[in-house]
Structures are given as C-alpha cells and as structure tokens.
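Please look over the model below before reading the numbered points that follow. The note takes the sheet first, then the helices, the core and a few single residues.

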Amino acid sequence: MSRFMDVHHGMTGITADQLKQAHQADLDIESEEGVHFEKAWADPKSGTVYCLSEAPSAEAVQRVHQRAGHPADEVHAVPLAV
C-alpha cells in the first residue's frame, strides 16, 4: 500500500462538523476500494481540505471521494516521510 495526500479546493467556510461528516462518509465506504483514510485537515478561509490515506492507487482514493460526494482536485503520492 502507498500513501497519498489529496487536496480539495473550493470548500470555503467549511466547519469542523462538515469536515468530520465528509471524513466519515469516506470511512464508511473506504474498505470497498481497499483505502484507509487516516486524517483530514481544512483551512476554512482558503477553502482547502487535505486528506492523508493509504491505498493501492490514486485512482482508488479518487473513487472513494467521488462516491462520497466530494471528488478531490488533486491526488499526490507521498512515498517519503521523516
């Protein structure tokens, strides 16, 4: 499994509750695509949301987000960490 960071734009004003609901929507179906979403962060002012996951592919990450109703604008592999 590889790690991915995906980015969503245009979510200006997102609240903590909305972020939690969106993250839960991903968690509810993630196993169907072999994905595990670890954490999500948001900047309500810029409308940017970031999600960290482990998945077999970027496409699997995107499929979960699409099915949950919030497709990612970008999905990046993050093969190195310190």
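**Note on the fold**

1. An open sheet of 4 strands forms in the order β2-β3-β1-β4, with antiparallel pairing. The edge strands are β2 and β4 (74–77), each of which pairs on one side only. From one strand to the next, the twist averages 20 degrees. Here two strands pair if DSSP finds at least two bridges between them. Helices (H or I, at least four residues) and strands (E, at least two) are DSSP runs, numbered from the N terminus.

2. A word on the basis of these points: this is a predicted model, in which local features need pLDDT of at least 70 and side-chain atom pairs count only at pLDDT 80 or more, while totals for chains, interfaces and linings use all residues. Residues are numbered from 1 along each chain as its sequence is written, and side-chain values use heavy atoms, with hydrogens and water left out.

3. How many bridges join β2 to β3? These two antiparallel strands are joined by 7 bridges. Histidine 36 has glutamate 54 of β3 as its bridge partner, and tryptophan 41 stands opposite tyrosine 50 in β3. The two strands form a hairpin with 4 residues between them, and glycine 47 in the turn has a positive phi of about 80 degrees.

4. Strand β1 (residues 2–8) also pairs with β3 in the antiparallel sense, over 7 bridges. Because 6 of its 8 residues are buried, β3 is largely enclosed by the rest of the structure. Buried means under 20% relative accessible area, exposed over 50%, and partly exposed in between (1.4 Å probe, protein chains only).

5. Helix α1 lies across β2 and β3 and runs at about 160 degrees to β2. Helix α2 packs on the sheet, touching β1, β2, β3 and β4, and its direction makes about 45 degrees with that of β1. Contact means heavy atoms within 4.5 Å. Axes are lines fitted to C-alpha atoms, for helices over the stretch in contact, and angles run from 0 to 180 degrees between N-to-C directions.

6. The helices also meet each other: α1 and α2 pack at an angle of about 115 degrees, with their axes 9 Å apart. Ala25, Asp26 and Ile29 of α1 make the contact with Val64, His65, Arg67 and Ala68 of α2. By class, this contact of α1 with α2 has 4 nonpolar, 1 polar and 2 charged residues. In this classification, Ala, Val, Leu, Ile, Met, Phe, Trp, Tyr, Cys and Pro count as nonpolar, Asp, Glu, Lys and Arg as charged, and the others, Gly among them, as polar.

7. Which residues of α2 are buried? They are Ala60, Val61, Gln62, Val64 and His65. These buried residues pack against β1, α1, β2, β3 and β4. After α2 comes glycine 69, whose phi is positive, near 95 degrees.

8. The next point is the core. The largest nonpolar core has 13 residues, of which Val35, Phe37 and Val61 touch the most other members. The elements giving two or more residues to this core are α1 (16–29), β2 (36–43), β3 (48–55) and α2 (58–68). A nonpolar core is a set of buried Ala, Val, Leu, Ile, Met, Phe, Trp, Tyr and Cys residues joined through side-chain atoms within 4.5 Å. In soluble globular proteins, nonpolar side chains tend to be buried together. Leaving aside neighbours within four places in sequence, phenylalanine 37 is in contact with residues including His23, Leu27, Cys51, Val61 and Val64.

9. Not counting residues up to four places away in sequence, threonine 48 touches Val7, His8, His9, Trp41, Ala42 and Asp43.

10. Histidine 9 is placed in the loop between β1 and α1 and is partly exposed, with a relative accessible area of 42%. Beyond residues up to four places away in sequence, histidine 9 touches Gly47, Thr48, Asp73 and Glu74. The C-alpha atoms of histidine 9 and proline 71 are separated by 9.9 Å, although the two residues are 62 apart along the chain.

11. Finally, alanine 22 lies in helix α1 and is buried, with a relative accessible area of 18%. Alanine 22 and histidine 70 are 48 residues apart along the chain, and their C-alpha atoms are separated by 7.8 Å.
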